[in-house]
Structure formats: structure tokens, C-alpha cells
Amino acid sequence: VLELILISTLNGVLFGMLLFLMASGLTLIFSMMGVLNFAHASFYMLGAFFGFQISRYAGFWAALLLAPPLVGTIGALVERYGLRNVHRHGHVAELLFTFGLAFVIEEIVQMVWGKAPVDYRVPASLDFTAFTVFSTNYPAYKLFMLLISIAIFIVLLGVLTRTRVGLIIQAALTRPNMVAMLGHNVPRVFMLVFGCGCALAAVAGVIAGPALVTQSNMAGLLGPILFVVIVVGGLGSLSGAFVASLLIGLVQTFAVSANGSLADLFAAFGVTPDPASVFSDLWNVTIAQIAPIIPYLMLVLILALRPAGLFGTRDT
Amino acid sequence: MSQTAETAVIKASAGMRLPFLRRYGIWLAAVLLMIGLPFFARSGSALTMLSLMGIMIIFALSYNMLLGQAGMLSFGHAVYYGLGAFFVVHAMNAIIRAKYPVPLPALPLVGGVAGLGFAVIFGSVSTRRGGTAFAMISLGLAELVASSSLILRSFFGGEEGITTNRTRLYRLFDWNFGSQLQVYYLIAGWCIVCMVAMYAITRTPFGRMCNAVRENPERVEFIGYSPTMVRFIAFCLSGFFAGIAGGLAAINFEIVNASYVGLQQSGTVLLAAYIGGISHFVGPVLGAILVTYLQVMLSDVTEIWQLYFGLMFIAVVMFAPGGLAGLLMMHASLLRARTLHRLAGPYALLSGAAAIVAIGLILLIELTYRLMAKAADGSAMRMFGVSFDAASPVPWIVMTVLIAGGALLVRLIWPVVTQAWSDATAAVRAGGPP
């Protein structure tokens, strides 16, 4: 059991850090521009596929260096020539634009790479066992993923709190109009943040691609969970996004490895529900089976009980 | 003096003094069209498509009660459609088993009530706020229901879904609904009833309050209405009609599976309503017809039809936020002032140039698809009746020339179109043709 807890904690923190790589960009974009970027997970997917394609020709390290700026540029172009034009039609139009974009990116990925998973492998230089806990071998690649995401987290924190650009971004988070009035080129800051956010998502894609499955539905699987993260953490709150990422990462990993159902719980009290009833499914569902639902349950609960999120300050 | 003029305008715009034919003519035409269509489209596939269009019209209109009327962007409308469908299927099976004398045409009502019930439950959590918060909760709820549908197997039937047999219900007037034609008339009947009902709702004071909540919830609150309550009622009504649409779909296909409540279905109805135009009542109807047609026809022609679908949606969001109906309505005043014909020439030029760009883009997409995803099947392909090799440079050169040349033409023609447009509208303002 101790082994399970240790491994699950490591995996949970890893998944949480990956989520945070994406959620940080998403929440920055949302709080500055008021746009909920539906296509954010699609940029993560683009990162993974670009990484796959580049690593076939130039190796994994080149992919890690090249794919994020490439995806970031695409993101910036989308902001400049797409989103900015849609902006005058209002927020609903912006949301719909990113929704359509997510749809189109998924289709384009299918058009180019097909629907089946591509063979994106862990690089040979990282394909060994880092350490062994009890009897489980922990792969070095996962440790590498963890280190990369922590490094990016620290850099991000540094940029946001110690540099001039970071201060402007922070200011624009809460008072975008005031920042514009002080003479900063807010549209350009927007484009920059949008591009960087997409690049961060792409980093997550490049490093997560070999560990998870690189397939055209990976954006659709992860996208909604990202929304859960930023809503639960509180929209516009970076620290909230961090806590919520870790929380959801841990909850998800622990739930998957846990067993047990309501029937077991009732059996412990000596009650056996009628197996033929309509609700028998409900009794026999294990925790591992409901793992995919847990984030959405959290989302609905948070929005019903504390709409501002765990750390949020604004009420939308 | 000015007051009487104002009331006259209000009365005229509310249609109070319009003669019968002008007021109800369009509805009569719609009814006649729906009755008459099967006489022109006799083949089975055409009837199936018409049935699908009828279902989609109800579904898209119910969606527009949220997005268009009350300004609530929902990403999970298929939840009510799908649950309505499931309840109808289970009700049908239960009725067949117990041999109750319930005729098939009444069953969509079961779906409506189911949709309404779940809309009451989910609406009480989600309608407290509008805007982005509502959109996200709707997405969360949709994911919740979609994931649950895979877990609760005895109700949702797992992968293979739940099947039923519509011909085994109690028969009224000896209709057994075995043929697609009878099912079409059932769907058409419900479609007309729902359209009239939903149109009537937009004309009630409640419908107007929905519009007010969409425009400015804060002011609505100031004058003493609760925006939450208005949103909630709109949400429930919309869930009711979505449930009816789902019930009709269950009757039409005789099988319901988890994809009915899925995000894909929610996305389709959003696309249909928005492409049609959300700011006019008729918009979602046009959108539903077009989207269903494209879904059926495009999927025969190309395997990546959804990409074209998505590109079309983005084009509408970017360039024509009013949708099809918005574009048509822009020209209504010109038609009335009889200056529309002046635009015909420039429009023909523009659509010619746009068609060249479109053909170039289609070529680009199909070439890429053939070379990348379909690499295993070889590079030979056939489009527009011409066979060629996707790996040779010729089609790529043709594609580049088409796109670049077409784009250049569009740029050249655009000023002509805007000039003609402003001339035509200026003539309208001046009071008809000179």
C-alpha cells in the first residue's frame, strides 16, 4: 500500500504539473483578454504532433526546442488575424471562434496524421529506470517530465514577478483598461501572452506525447479537464490554477488505482442491495470507473457552492 | 400626434392589422411545403434526410431559445436531446411489454417531459449566472452526463445502445409507422407544432424578457425581474423542446446509444444554429436544413467533410456573425425598394472569384489528405472528374495559382461590391428607385 501511495503521488504530481503548464497559459489568457480559449488543448496536441514529426528527422531534443516556438507563432498569428477581428462581435463570438478552431485543428491533425495513434517514443537517452521503489521501476522519462515542468514553473514565476514584462502582465490581469491608459500596447501584450500560452501548452505536448498516447483525440480528452482546473482554482488566479492542477492530478491518479464501490461499502454494514434493480449499476460502480467523472463533479460543485473558485476573486 | 404615430408603428410591427394571409401566409406555406415535399422526393434516402432535417429544426430552434433569445451559450444541449431519446425508447419498450393503448405519435411528449425534468434539475445549478460561467457549467454537466452514460449500462445500454420497434405500438387509424413516409409525416407534424409553439413564445412578454436578459441583465434586475428566473424558465422550455426532438430521433432510428448525449451532438446543434443565424427566428431553421444536408451529402463525397464543416463555421463567425439569415435579411430592404438587381452583377463576379479560391483550398486539403493520412493507398486520386497524381508537382502548382489568383480577384472585385452596396442602400434611404 505504501508503494502504491508513493507511486501514485509521484504520478499525480507529474500529471498535475503537466496540467499546470497548460492551465497557467489558459488562465493568463482568460484573465487578460476575457477569452476562454477552447482551442488551448488543441495547441497542446499540435505540440505533441509537431514534436513527433520533428523528432523523426532531428531527434527528440531538437523537437523540444523547435516545436514550442512554432506552435507559439501559430498561436500568435491566430490571435492577431483571427481573434482580434472577432473581438468586436463580443465575447460569445470569441468563444465560438476558439470552439470552431479546436474543431478545425482536430480535423487538420486527422487529415495529416490520421486517426490512429502515431509512434512517438521516449528518446533512447532517457529510456532507462531512474530508481526502484519496492518492486516498481520508475522510468527516468517521467522524472525528466517532472523536472522540466518544475523548471518551467520556476522560470514562469520568475518572469512574472521579477521582470518588467511580468509586472505589466500582472497589472493587465486585474486592470487591463488602466494598463492601456498608462500607454502600454495592450493588444501586443495580448498577442505575446497568447503566443506564450500556446507555446507552454506545446511544451506540455512535446514531453507528454511519448508518455501518453499521441492521437487526434488527445485534445478532446484533456480540454474539458483544463477548464475544470481553471474554474476550480478560480478564474484568473495563477496560484489557484497551480493548486487545482495538483489537486486534480492527485485525485485522478488515486481514483484510478483505488478499488471499491458503494456495494462494498454497504456490504461492510451488512446490507446487500438488490442486484436486479435499475440502480444496480450505481451500486457496483468502482471508484476507478468514476475517476473520469470526478473532475466534472468537482466543477459543478465548485460552481454551485463557491462560484469564484478556490482562490478566485472575481465572480465569473 | 407623435404618440399616435408611434402606436400605429407598434401595432403595424406587431402585425395586429395585417390581413390574415400576410400574417399567417408564411406558416401556411411551410405546412404545405412539408406536406408536399414527399411527392417530389420519393426515394428512401431523400425521405430519411427530410426526416433528419425536421428533427434538427426542432433541436436547433430549441437551442436558439437559449443562445439567440436569452444569450446563453450552452455546450451541452445534447444532454436534454439524448435523455429525451433514452426515455422515449424505454417508454416504448415498456408500453410494448405492457400493451398499453398509447399510440406512437404521443410518445415524443415523453421525451419532452424527460428533457424538461432534467432541465429543471440541471438548470437550477447552472442558470444562476449567464455568460462564460454558464457556458462552462453546461460543458461540465455535458461531460458528467456523457461519462455517466458509459458507466450506467442498464439504462444507457453501453456501446450498442438500446433498440426498440416502433411498429409494435397501439395503432391509430391503422398507421403502423413501418414506412419512412409515415415517420416523416409524424416528424413533420411535430416539427410544425413545435415551430409554432416556439415562435409564439418569442412573442410573449416572457420572450421579450429573455431578450432583455440577453442584452442587459443588470437593468432587468433594476426593473424588478430576476434574470436568474428568466434564464431558468428559458432553459427549462428549451430542454422540453430538445427532449421532443430527441424522442423523434429515437422513433426515427429505433436505436439510441451514448453518442446521443455526447459533446459531438452538442457541437453539431451549436454549429447548425449559428451558421443559420441566431438573431432571427428563421435562422436555425435554415441552419438545420443546410447542416443536415451537408452532413449527408458531404460525407458521401469526402472522408474529411468535418473539416469543411468546421472551416465554414469559422468563416461564419469571422465574416458573417449574423449567419445565413443575417445575410438574407440585410437584403430584405433592398428587395422591398426594388434595388436588389443592381447587386446581381457584382455578386456574380464575387462568387465566381470566391469559387476559384474555394476550389484551390479544397484541392490543397484533399492533396494533403491523400499524401499524408492516406499515404498507404498510393498517391493517385480523382477530383472534379479529373484524374491526377498527388505526388506530382502539377496539381500543387494548379492549387497555388487558383488560391493566389482567386484571392487577387476577390481583392479587385471587393471595392466594386461595396460600391454597389452603398449605392443600393443609398437609393433605399432616398425612397425607392429614382
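Reply: A:Val206 counts as buried, because its relative accessibility is 0%. Here buried means under 20% relative accessible area, exposed means over 50%, and partly exposed covers what lies in between, with a 1.4 Å probe and protein chains only. Before going on, please keep in mind that this is a predicted model, where local features need pLDDT of at least 70, side-chain atom pairs count only at pLDDT 80 or more, and totals for chains, interfaces and linings use all residues. Residues are numbered from 1 along each chain as its sequence is written, chains are lettered from A and ligands numbered from 1 in the order in which they are written, and side-chain values use heavy atoms, with hydrogens and water left out.

A:Val206 belongs to helix H8 (residues 186-208) of chain A. Helices (H or I, at least four residues) and strands (E, at least two) are DSSP runs, numbered from the N terminus. What surrounds A:Val206, once its neighbours within four places in sequence are set aside? Its contacts are A:Gly47, A:Ala48, A:Gly51, A:Phe60, A:Ala63, A:Leu64, A:Ala67, A:Pro68, A:Tyr120 and A:Tyr141, where contact means heavy atoms within 4.5 Å. A:Leu66, which is 140 residues away along the chain, has its C-alpha atom 10.0 Å from that of A:Val206.

Now for the chain around this residue. Chain A has 14 helices and 2 strands, and 54% of its 316 residues are buried. Of the contacts in chain A between residues at least 6 apart in sequence, 78% join residues at least 24 apart. The accessible surface of chain A is about 14,200 Å², and carbon and sulfur atoms account for 69% of that area; such areas come from the Shrake-Rupley method with a 1.4 Å probe, and for residues only the protein chains shown count as cover.

On to helix packing. Two packed helices are described by the angle between their axes and the distance between the axes. In chain A, the axes of helix H2 (residues 40-58) and helix H4 (residues 91-113) come within 10 Å and cross at roughly 20 degrees. Axes are lines fitted to C-alpha atoms, for helices over the stretch in contact, and the angles run from 0 to 180 degrees between N-to-C directions. H2(A) and H4(A) are therefore roughly parallel to each other; angles under 35 degrees count as roughly parallel, over 145 as roughly antiparallel, 65 to 115 as roughly perpendicular and the rest as oblique. Their crossing is left-handed, a term used if the near helix is turned anticlockwise from the far one by less than a right angle, with right-handed used if clockwise. Residues of H2(A) that take part include A:Phe43, A:Leu46 and A:Phe49, and those of H4(A) include A:Ile105, A:Val109 and A:Trp113. By class, the contact of H2(A) with H4(A) has 11 nonpolar, 2 polar and 1 charged residues; Ala, Val, Leu, Ile, Met, Phe, Trp, Tyr, Cys and Pro count as nonpolar, Asp, Glu, Lys and Arg as charged, and the others, Gly among them, as polar.

Helix H17 (residues 341-371) and helix H18 (residues 393-430) of chain B pack at about 155 degrees, with their axes 7 Å apart, so H17(B) and H18(B) are roughly antiparallel. The crossing of H17(B) and H18(B) is left-handed, and the residues of their contact divide into 32 nonpolar, 3 polar and 2 charged. Helix H3 (residues 44-70) and helix H9 (residues 205-215) of chain B have axes that come within 8 Å and cross at roughly 60 degrees, which makes H3(B) oblique to H9(B). There B:Gly68, B:Gln69 and B:Ala70 of H3(B) meet B:Cys210, B:Asn211 and B:Arg214 of H9(B).

B:Thr292 touches B:Met49, B:Leu52, B:Met53 and B:Met56, not counting residues up to four places away in sequence.

Finally, the loops. B:Asn165 lies between strand E1 (162-163) and helix H8 (180-203) of chain B and is partly exposed at 29%. Beyond four places in sequence, B:Asn165 contacts B:Met92, B:Ile96 and B:Glu254. B:Glu254 sits in the loop between helix H11 (227-253) and strand E2 (255-256) of chain B, is partly exposed at 22%, and has a phi near 60 degrees, a positive value in a residue other than glycine. B:Phe173, in the loop between E1 and H8 of chain B, counts as exposed at 74% relative accessibility.
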